[in-house]
Amino acid sequence: MLGLEIRQFPCLSDNYGVLIHDSDNNLTASIDAPEEQAVEDALKENGWTLTHILVTHHHWDHTQGIPGLKAKYGCKVIGPRGEADKVPEIDESVGEGDTYQFGRFKAKIFDTPGHTLGHITWYFPDQHVAFVGDVLFALGCGRVIEGTTDQLWHSLEKLAQLPRETLVYCGHEYTAANAKFAETIEPDNIHLKARIGEIVEKRGRGEPTLPTTIGAELDANPFIRADRDEVRMAVGMPNADPAAVFAEIRGRKDRF
Ligand code: ZN
Ligand code: FE
């Protein structure tokens, strides 16, 4: 992975915390801060000191650890420009088109609204890694809480342009429940069937199903596939535009 060390660990009831580390410069960033103690434990386990918190969106389960961690480590908090006023103790804000240099690693920022209005994605192009918060999940996507289904669809379209091999770290372990819903949309999708087998095995062993990849999601995730003919047909909207198909699927999931 060209040098970027990544550690993922469970937090709260179904969140994931992630640490990324630049060993040349001895820098460590927490992607969001779901839970102070869990982040600290992961730091200690690796012998790392927290220098940055890179925030995807303002929700409580992604930011509540910030004040405690900042008090302890004096780390720098970088978060979404569009909702900077809602991120506690933010030092710097970033948005679409910005790059952020984390030690020797360069992140590109995408605005990915829909779940929240200011939600951003942290993408490290040279390492092929994206931290997508609650926009995209394995076999699912975030709920539309602040924005519109159109916004969330366009956010997914942006992520769909990334190279297939891009590793995708998401905010939550929702995969098993997402798989049950995905099956109702595309019961005959062979990629989805294969994924479900893997998911059952992994969860049976208590292992995470994340990270996923852009390619795996393009093959099996009905939400990011809303522009595919198979999915349009499956929801009975053969001539509808992708944003409308996406809205239909998102609505079905909300009622599922
Ligand atoms: Zn959220
Ligand atoms: Fe969340």
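By the grid criterion applied here, the structure contains 1 cavity of 30 Å³ or more. A cavity is a set of points, on a 1 Å grid over the protein atoms alone, where a 1.4 Å probe fits but cannot get out; grid points are joined across faces, edges and corners, and the volume is the space filled by probe spheres set on the points. The model is predicted: local features need pLDDT of at least 70 and side-chain atom pairs count only at pLDDT 80 or more, while totals for chains, interfaces and linings use all residues. Residues are numbered from 1 along each chain as its sequence is written, chains are lettered from A and ligands numbered from 1 in the order in which they are written, and side-chain values use heavy atoms, with hydrogens and water left out.

The largest cavity holds about 90 Å³ of space. Its lining, defined as residues with an atom within 4 Å of a point, comprises 15 residues, and Tyr16, Ile31, Asp32, Cys170 and Gly171 lie nearest the centre. Two or more lining residues come from each of β2 (15–22), α2 (60–63), β10 (129–133) and β13 (167–170); helices (H or I, at least four residues) and strands (E, at least two) are DSSP runs numbered from the N terminus. By class, the lining has 8 nonpolar, 5 polar and 2 charged residues, where Ala, Val, Leu, Ile, Met, Phe, Trp, Tyr, Cys and Pro count as nonpolar, Asp, Glu, Lys and Arg as charged, and the others, Gly among them, as polar.

Strand β2 also belongs to an open sheet of 6 strands, ordered β1-β2-β3-β4-β5-β6 with mixed pairing; two strands pair if DSSP finds at least two bridges between them. Strands β1 (5–11) and β6 (92–94) stand at the edges with a single partner strand each, so one side of each has no neighbour in the sheet. From one strand to the next, the twist averages 25°. Helix α1 (residues 36–46) packs on this sheet and touches β1, β2 and β3 (27–31), with its direction at about 140° to that of β1. Contact here means heavy atoms within 4.5 Å, and angles run from 0 to 180 degrees between N-to-C directions of axes fitted to C-alpha atoms, for helices over the stretch in contact. Strands β1 and β2 run antiparallel and are joined by 7 bridges, and Glu5 has His21 in β2 as its bridge partner.

Strand β8 (residues 105–111) pairs with β9 in the antiparallel sense over 4 bridges, Ile109 having Trp122 as its bridge partner. Trp122 also stands opposite Phe131 in β10.

Key. 1 Å grid on protein atoms, 1.4 Å probe; cavity = no way out; pocket = protein on both sides within 12 Å on 5 of 7 lines; lining within 4 Å.
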